[in-house]
Structure formats: C-alpha cells, structure tokens
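Subject: Structure for you to look at

Hello,

I am handing over the structure we talked about. My notes on it follow below.

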Amino acid sequence: MRVLKLAKKDEKKLYSVLVNFGEVWSPLPKGKRFSYEKIEDPKDLVLHEECIRTILPVKKFLMPSDFNILSFTPQQFLTSNEEIPFKVIVSVPPCEIHAVNILTKFYTTDYVDNYYMKRREKLIIIGKSGIPDEYCFCHKTNTSIVEEGYDLFFFDLGNYYLVWVGSEIGDDIVRKGSNIFDENLPKDVSQKYVEFRKQKNNSFINDVELEGVTDLMELMYDADFWDEFGDKCLSCGQCTMVCPTCTCFNIIDDLELNKELGHRRRYWDSCQFKDYSIVAGGHNFRESQAGRLKLWYTHKLKAFIGHFGSPSCVGCGRCIVTCPVDINVPTVVKKLKG
Amino acid sequence: MKYEYNKKPELYTPIMMRIISKRDLTPDVRFFQLVPKEEYKHLDMDYKPGQFMMLSLFGTGEAPFSISSSPTRKGIFEFAIRKTGKLTDKIFELKDGDMLGLRGPFGNGFPIEKMLGKDIIIVAGGLGAAPLRSLLLYILDNRELFGRLIYLYGAKNVDDMLYKPDFVEMLDSDQIELFLTVDKGNEGYEDSIEEGKVTHLFKYITDIDPANTIACVCGPPIMYKFVVKEILKYNLEKDKILLNLERRMKCGCGKCGHCIIDYRYTCIDGPVFTYWDVIHMRELI
C-alpha cells in the first residue's frame, strides 16, 4: 500500500487538491456539535485532533433522509435518472468507515439497491484517526482501526500527517497533489506511529464490555429491565436516525397539484415508531415499546452477526449523546450483564 | 471500488398491468385478473406459489399482495384483495381496463421441489385461501406429481368464504379430500359446509404417513397456534409444517426493514417459514 506524508504547513492547500474530485464536505460546528457540511471557503477545512462525532453520520450521503426514487404519471412509472455529484468527505473517523462498509454489505446482499450503489460510487472518503472522547467505544467493537473502505486515510503524527492510499481514486488525489504529498517518510515514522496508537488507545474512557452480549440478548430476552426501558422510552426514533448503520425506510407517494405527475418518496423510518409493524386491518406485530427496543438491540448486537458475521454497532457513541432518556448501547449492555 | 448493478432495473420500478376482469368473492374481497401491458409482455415474470408482488396505484401508494393464480396458468396474474385501507379502497374503485403497477415476484414461496411426490395437507383460514389457491391450482394442474391432496378451509361465515362455488363444486372431486367449515351459520349449505372452527375438520383426516406428508398453513395470526397443534398430532416433523406469514412491507427486497423478525426478513427468507423457524425465532407467530 502506498503511504505518504502531508506536512502540516501544507494542510491549507489540501482543499485546492480535493476540489478537483468533487464537492468537498467536512465537519463544521453546528451549535455545540458538528455536522458534515459543504466547504465553500478553503479555510473551513480543518483536520481536528480529536474524533469528530457529527450529528448525522455519513449515511446521510448514501441514503438521503428523504428523496424521490421514482416519478409516475397515470400511464407509467419512470425510474429516476438524477445526476449524483461526486462528494469528497473529509475527516471521517474509522468507526464511520466501518459503518459504510456494513451499509454496503447490507445493500448488496440478496438484491442490489441501485439508489445506494450510485451514491456509494460517487463518495470519496478521506478518513482520519483521531483521539476518542468519553463516549467513544470503538475499541470494544473492533472498529477503531480500518483496513478498507477509504480512499485516503490520515494519521496526525505531530508536524505532519501520515497518509495511507486505499483506492485508485486515492492514488489519483495524491498524484494531483504531488506538490503537497511527499513519499519521503521521516526515519522515525514507525516510532511516531506507535506513539500515536498508544496515545489513542490510552484515551478511551468508555469501558462498556461487549463480550458475550450476543448470548446475553438471548438469555435476558424476557428480563424485567426491558419493560423499565420501554416505559421510559419516548419512541422518538432519534437513536435510529443518528445510528450510522440503521437503514430502515418508508415509501409513500406524493402527487403534484395538477395530479398528472407524482413522486414516490423514500425516507428514513424508525423501528421505534409505533406504526412500524402494523399490517392491513390494524394488527400490530410489535405493540409494546419494550418489544420495539428489543428488536433494535437484537438487530444491532445479535441478529446482524448471524447475517453478516459482525455486530452492526460500531461504537460511535451517537446513541449515548442523542437519547434524551439515557437508553443506549452501554446502558443496555450494563443491564444485560445484570 | 466496483459494484455490480442490479440486472433488473425494475426492482423498484413497477411495470404496468391492465385489469381484464374482476368479481366479488365476498362482501369485502374482490378478485382481480391482470395482464401485463403490451410492452412488458416479453418479461420473464415466472413465480412460485406462495410468492407475493407489490401492487402500486398512481398517487395512492404500494403494498404487498399474495399471488392467487398459479404459474401453471401463464400470462394472467390473479389477486384476491380485501378492502381494508386507503390503497385497497382505491383499488376497489378501478374498472376493467384500468391500470395498476406491479413489481416482483418476491419472497421464497413454497418449496415445490421438496413437495414433489409427497402427500399435501393444506389448511386455510379466511383470506389465507388466497395465497393457498396458487398452491392448490399448481397441485391440481400437476396432479400426478403429488400424493394425497387434503384441503381444510375455515371461514367466519358462508358470506366470507372465498371461492365458495369453486370449493363446493370441488367437494365431489376425486382429486382432492376437501372439507369446509364456517364458525357460525351454514344455512343453505348444510350438506357441504360444516359449523365450527377449522381445527374441528382434522377429525376427518386419517391414515397420515408423517414421513411422506407436508402441511401448508395460511390464515389470520391467531389461527396458527391451534392448527399447528393439530398437525403435530400426526407426528409430522417440524420442518414439514409450512406457514405462509404476513408482515408490513415497503420494498419487498430486504431493505426497508419493516418485515424483519430477528435477523430474517419476511420478504427474503419468507413469507413461507417452517414450524422449526417459528420455535427458534421469537415474534414469528
């Protein structure tokens, strides 16, 4: 694999290289948090030392929260031919790249979802390893290191970034930016790299232990604490919206005012909503909120393993900072362990 | 990164179907016959009994419906649709010649290959006779490929019995051991339709060879427990009892999530599940 360095004094020139490959998007402050936004001013492209947890994950680019999948007239249905622009997303943490790999696996299993794949092919991911905060637990979900799914990946090693090239497009980018990307790595690079890893690993505070949760989900399926969580849960669905691996959507039809043209909209849905499992005639297969919470945690911590070989929780900590009533992977795991 | 695109662009895009005829089966269930519009006739739309399709109506939406016709009778797609919500209300307003969108087929369907040569017990409750009609016609059209054909059908009352004239006529057939019942009120049909739950009909079913029999069940959620209990009395293995289940679905192809049960999607791994699945997956019935 190609590895280069980018001197920090050249960091400000990064934008002018990336913009040749598509729209440049990166975390920008939004209130007290961050959001992936389109960068118009090169000065706004900042590579933060810490891991940046944006409000919404990268999935917002791959499966937009609300978009038209079809248009239709009374005579026929027309597949959307929407042009998807290339987007370069900068500062994507390892856990999120794992999440994108999980989404890709999901969207290509059984049937390939072209709406997702079109967007995935147009997404260029510039990853960056950062220092975790008190909510991160990717070291417990084996998602703190990433091996594939990025085009370039940055490590902050003091006065330069170590840059791993992960794809052909990544290679194109470093060629285009040959004035700032340098193949001559300093002699002490491995020592610096080990130091960085050590510093990162020592920074994890969240000590939630996921060992055995798959079996515990089974053993504790009828435990009382689910009802306590169910009583507390507001069914707001925010956990599923911010989760980087949640994929559920609903589909509805909208008519334009002239009633000659309509659009079939696909938008994020949540298994935490009461009407999620209602069928014709009104029978609800998941009437209780506790049942719906169990579905989500079964899916994240147990079921996904059966299907794809790994849990679909990547330890990003979004459910921790988002849930207004403190129901999240660590609090549930704590209860599972009794 | 290179990906393979889906070879069927119509995965989410319905093709247009024309209604060629319709008739009422019960006060709230109507039978529709559809054929593809001319430009779609070349498409290979083969399906298996037990599969479903997504029906779309301009401006109203889309929902899954079991196929009622048999692949042995090619060209015409048949659906028995109950008037039960916004979409079906609109479908009931359609006239002959009107258009509907259709995509699919989806789901696993009944494992016909494993059923060949076997004795088949079919148990239907209410609207469950709609998907099971596909299987029934398939077996009748390939009668020599199967052993005994036993069919038990229970409905709420005689008005709610689907395909009633067909079934009553079939009572005299030597191709099928057929028994009909209604919960209450069999006036006018005392000779052909019993009174009582569908489970009461099992007393007529004797000499079952458990090693050579497969049972197929479809009906309202409440029915499965009681019917399976009766079938188990014949010592059938749990994976030889097949249940055709219903869930909310939006995509039909394992993506939207609504039909998930544990790690399995009703639209991919179902809607036909075995009783073995039921025991090992919570929430299935």
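**What was found**

A:Thr240 lies in helix 9 of chain A, which spans residues 238-242. The model is a predicted one, and what follows should be read as such. A:Thr240 is buried, with a relative accessible area of 4%, where under 20% counts as buried. Leaving aside residues up to four places away in sequence, A:Thr240 touches A:Lys59, A:Cys246, A:Asp269, A:Ser270, A:Cys271, A:Gln272 and A:Trp296.

The loop between helix 8 and helix 9 of chain A holds A:Ser235. A:Ser235 is not a glycine, yet has a positive phi of about 55°. With a relative accessibility of 23%, A:Ser235 counts as partly exposed.

B:Asn235, a residue other than glycine, has a positive phi near 65°. B:Asn235 is in the loop between helix 5 (223-232) and strand 12 (241-244) of chain B. At 61% relative accessibility B:Asn235 counts as exposed, since the cut-off for that class is over 50%.

**Helix 12 of chain A**

How many of the eight residues of helix 12 of chain A are buried? Six are, so this helix (residues 329-336) is largely enclosed by the rest of the structure. The buried ones are A:Val329, A:Pro330, A:Thr331, A:Val332, A:Val333 and A:Leu336. Their cover includes helix 7 (213-219), helix 8 (225-232), helix 10 (289-308) and helix 11 (318-322), which also belong to chain A. After helix 12 comes A:Gly338, with a positive phi near 75°.

**Chain A against chain B**

On the chain A side 58 residues are in contact with chain B, and on the chain B side 42 residues are in contact with chain A. The two chains bury about 4400 Å² between them, and carbon and sulfur atoms account for 57% of that. In chain A the residues that lose the most area to chain B are A:Phe77, A:Tyr111 and A:Phe285, which together make up 15% of what that side buries.

The rule finds one salt bridge across this interface. The side chains of A:Arg264 and B:Glu62 meet in a salt bridge, at 3.3 Å from N to O. There are also 18 residue pairs in polar contact between chain A and chain B, with both residues at pLDDT 80 or more.

Which elements of chain A give two or more residues to the side that touches chain B? They are strand 4 (66-72), strand 5 (77-79), helix 3 (94-108), helix 4 (114-121), strand 11 (249-255), strand 12 (262-268) and helix 10. Helix 10 gives the most, with eight residues. By residue class, the side of chain A that touches chain B divides into 24 nonpolar, 19 polar and 15 charged.

**Cis peptide bonds in chain B**

- B:Gly104 and B:Pro105 are joined by a cis peptide bond, with omega about 0°. B:Pro105 is in strand 6 of chain B, residues 99-106.
- The peptide bond from B:Gly270 to B:Pro271 is cis, with omega near 5°. B:Pro271 lies in the loop between strand 14 (264-265) and strand 15 (272-274) of chain B.

Regards

How values were computed:
Residues are numbered from 1 along each chain as its sequence is written. Chains are lettered from A and ligands numbered from 1 in the order in which they are written. This is a predicted model: local features need pLDDT of at least 70, side-chain atom pairs count only at pLDDT 80 or more; totals for chains, interfaces and linings use all residues. Side-chain values use heavy atoms; hydrogens and water are left out. Buried means under 20% relative accessible area, exposed over 50%, partly exposed in between (1.4 Å probe, protein chains only). Helices (H or I, at least four residues) and strands (E, at least two) are DSSP runs, numbered from the N terminus. Contact means heavy atoms within 4.5 Å. Buried area is the accessible area (1.4 Å probe) that two parts lose on being put together, summed over both. A salt bridge is a side-chain nitrogen of Lys or Arg within 4 Å of a carboxyl oxygen of Asp or Glu. A polar contact is a pair of N or O atoms within 3.5 Å; within protein, one must be able to donate a hydrogen and the other to accept it, and residues adjacent in sequence count only if both atoms are side-chain atoms. Ala, Val, Leu, Ile, Met, Phe, Trp, Tyr, Cys and Pro count as nonpolar, Asp, Glu, Lys and Arg as charged, and the others, Gly among them, as polar.
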